[in-house]
Each structure stands twice: as structure tokens, then as C-alpha cells.
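Hi,

Here is the structure I promised to pass along. Have a look at it first, and then read on for my notes.

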Amino acid sequence: MGSNSIWTSKQNKIFEDALAEYCKDSPEWWQKVARAVGKTVEDVKCHYQKLVEDIECIESGKVPLPNYRPYKENRKEKKIIDDQEQRMKYLKLQ
């Protein structure tokens, strides 16, 4: 299994959706997923194996978790909060 097929982000999303949609125990599972994505069965099997390997690396701790920024409110809500904080600071100073 050595496919070097290039996958777009759209194809990858369709691939992931097809994995969730079709029953893996189905005799034509690979064909259904390949048909949904528009790839060959070999391409899909290779891509699936890479996905499994990625998941194993993540779960074993070989891949560090991303450093996500803390969640922030949308700008309008943040502005309201900042204005309220400014008023509170002002009132405490007087």
C-alpha cells in the first residue's frame, strides 16, 4: 500500500464523514468510502492507515497537544466587559 495521492481538505472532510456514515462491517465499505471521496480503494486504504497511525501517535503522547489560546468572547461582548471594568475602576478611585 503505497499511494502518494494528494488529498484536498474538502476530500479529507468527505473521507471523515464517509467513515462515520458507512458501517465498517459492510462488505463494500472500502468501495463506498472511495466512491464518496472520488479516490481509488487503494488511495482510501492508504489514507485510512495514515489516519490510524496519526491517532496512535496522538494517543501515545508522541504528538504534543497544540497550545490553544484561551477562549475569548466576541469583540462586541469584550468591549462591553472592558467598558464595565473601566467604569468600576473609575468609581473605586473616587
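How much accessible surface does the protein chain have, and what share of it belongs to carbon and sulfur atoms? The total is about 8200 Å², and 53% of that belongs to carbon and sulfur atoms (areas by the Shrake-Rupley method with a 1.4 Å probe, with only the protein chains shown counting as cover for residues).

A word on the source: this is a predicted model, where local features need pLDDT of at least 70 and side-chain atom pairs count only at pLDDT 80 or more, while totals for chains, interfaces and linings use all residues. Residues are numbered from 1 along each chain as its sequence is written, and side-chain values use heavy atoms, leaving out hydrogens and water.

The protein chain has 4 helices and 0 strands (DSSP runs numbered from the N terminus, helices being H or I with at least four residues and strands E with at least two). Of its 94 residues, 18% are buried (under 20% relative accessible area; exposed is over 50%, partly exposed in between, with a 1.4 Å probe and protein chains only).

Gln11, Phe15, Ala18 and Leu19 are its buried residues. They sit on the same side of α1, because they cover an arc of only 100° around the axis (taken from the directions from the helix axis to the C-beta atoms). The face turned away from that buried side carries exposed Ser9, Lys10, Ala20 and Glu21. The cover over the buried residues of α1 includes α2 (29-37) and α3 (41-59), judged by contacts (heavy atoms within 4.5 Å).

Best wishes
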